[in-house]
Amino acid sequence: MPMNKVKLALFAALLAALAAASAAAAGTNLSLVGYSTPKAVMAKIVQAWQQTPAGKDSSFSQSYGASTDQARAVANGLEADLVFLSTGDDVNLLVDAGLVDSKWNRQAYGGIAADTVVVFGVRNGNPKHIKGWKDLIRPGVQVLTPNPFSSGSAKWNVLAAYGAQRRLGKTDKQATAYVQRLFKHVVSQDTSGRNATNTFLAGKGDVLITYESEALNARLNGQDIQYVIPRQSMLIELPMAVLKNSSNKDVANKFIQFVKAPTAQALFAQFGFRPVNPKVAKTYADKFPARPGIFKVDDKIIGGWRHADDVWFDPNKGRMVQIERAIGGPTSG
């Protein structure tokens with residue numbers, strides 16, 4: 001074959017390959033597996049992403065449910081390109097399964113897509129006068145919090161209850177005893193934070209321990225949940241990570257970059273989540289007041305997710321399985 005024809009053939013093959021790659025990128029379907037609360041805001045974020053050059057013509061398959069259950073499902077084979085879970089503990093479950101890079105928390109903002117805090121949902125007018133953690137263990141107060149073996153929200157609630165006591169000067173033994181006393185007041189442990197909200201809205205209990213974002217999102221849906229932010233509360237950091245075996249890793253990473261950029265962060269704020277992007281957070285500072293008593297999972301009193309999981313949520317020897325057995329509560333997801 002003459003040299004010019006060879007060059008033309010190679011050029012044509014290159015163009016065909018580029019066209020195929022472009023078509024594949026344009027038609028990418030991302031599978032997103034998430035925890036229950038952010039379903040509404042993620043629908044808006046996906047729509048905004050699809051209006052960008054990087055997201056044009058892309059589509060999403062989405063699954064939402066209790067965070068730990070969702071992580072287990074992915075570990076057991078549920079298809080996912082990326083996950084949006086409610087705890088770093090659930091992402092670590094996927095790290096241990098070999099599905100997520102162990103350095104996921106070294107991404108921008110520590111791998112966190114949005115924040116919120118632990119709050120107390122109360123009945124209209126707050127008839128039980130709930131202000132702080134000590135009020136939850138008063139005689140006659142009925143508390144709702146999800147099952148810590150299926151729900152990420154429940155894990156945050158447990159650690160917030162314990163950490164609040166430690167911040168108030170209690171010893172480890174005293175703070176753990178408070179958590180057990182608190183769970184004697186728990187009258188319902190649903191599988192997820194969203195299900196717990198629905199049970200509360202149906203009329204059960206006096207107090208719902210929940211996310212600030214969950215309460216604000218319920219208001220957007222016309223469900224008036226009043227809530228109190230206790231003086232000692234916990235910052236809930238919500239991670240998003242790409243699966244190592246995803247065939248769409250490049251697109252998934254670009255989507256996560258978009259999630260942390262101003263457009264998506266503003267949407268998070270509008271749906272009740274605290275932005276991690278500092279410029280957007282400053283814009284919404286009046287909506288999300290700073291609290292001096294807010295602590296994080298990496299605080300020395302908690303010790304990070306690996307330590308917290310071993311101490312509190314190990315299904316065989318953790319403190320929560322012992323507490324649940326003592327009160328006749330759930331011991332699995």
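This is a predicted model: local features need pLDDT of at least 70, side-chain atom pairs count only at pLDDT 80 or more; totals for chains, interfaces and linings use all residues.
Residues are numbered from 1 along each chain as its sequence is written, and side-chain values use heavy atoms, without hydrogens or water. Local features need pLDDT of at least 70, and side-chain atom pairs count only at pLDDT 80 or more, while totals for chains, interfaces and linings use all residues.

Student: Are α2 and α10 roughly parallel or roughly antiparallel?

Tutor: Helices here are DSSP runs (H or I, at least four residues), numbered from the N terminus. α2 covers residues 39-50 and α10 covers residues 262-270. Their angle is about 160°, on a scale from 0 to 180 degrees between N-to-C directions. Angles over 145 count as roughly antiparallel, and under 35 as roughly parallel, so α2 and α10 are roughly antiparallel.

Student: Which residues of α10 make the contact with α2?

Tutor: Contact means heavy atoms within 4.5 Å. From α2 come Val 41, Met 42, Lys 44, Ile 45 and Ala 48. From α10 come Thr 263, Ala 264, Leu 267 and Phe 268.

Student: How do α4 and α12 lie to each other?

Tutor: α4 spans residues 88-96 and α12 spans residues 304-313. Their axes are 9 Å apart, at an angle of about 90°. The range 65 to 115 degrees counts as roughly perpendicular. Therefore α4 and α12 are roughly perpendicular.

Student: How many charged residues has the contact of α4 with α12?

Tutor: Asp, Glu, Lys and Arg count as charged. In α4, the contact includes Asp 89 and Asp 96. In α12, it includes Arg 306 and Asp 309. The charged count is 4.

Student: How much space lies in the largest cavity?

Tutor: On a 1 Å grid over the protein atoms alone, a cavity is a set of points where a 1.4 Å probe fits but cannot get out. The volume is the space filled by probe spheres set on the points. The search finds 1 cavity of 30 Å³ or more. The space in the largest cavity is about 40 Å³.

How values were computed:
Helices (H or I, at least four residues) and strands (E, at least two) are DSSP runs, numbered from the N terminus. On a 1 Å grid over the protein atoms alone, a cavity is a set of points where a 1.4 Å probe fits but cannot get out, and a pocket is an open set with protein on both sides within 12 Å along at least five of seven lines; lining residues have an atom within 4 Å of a point.
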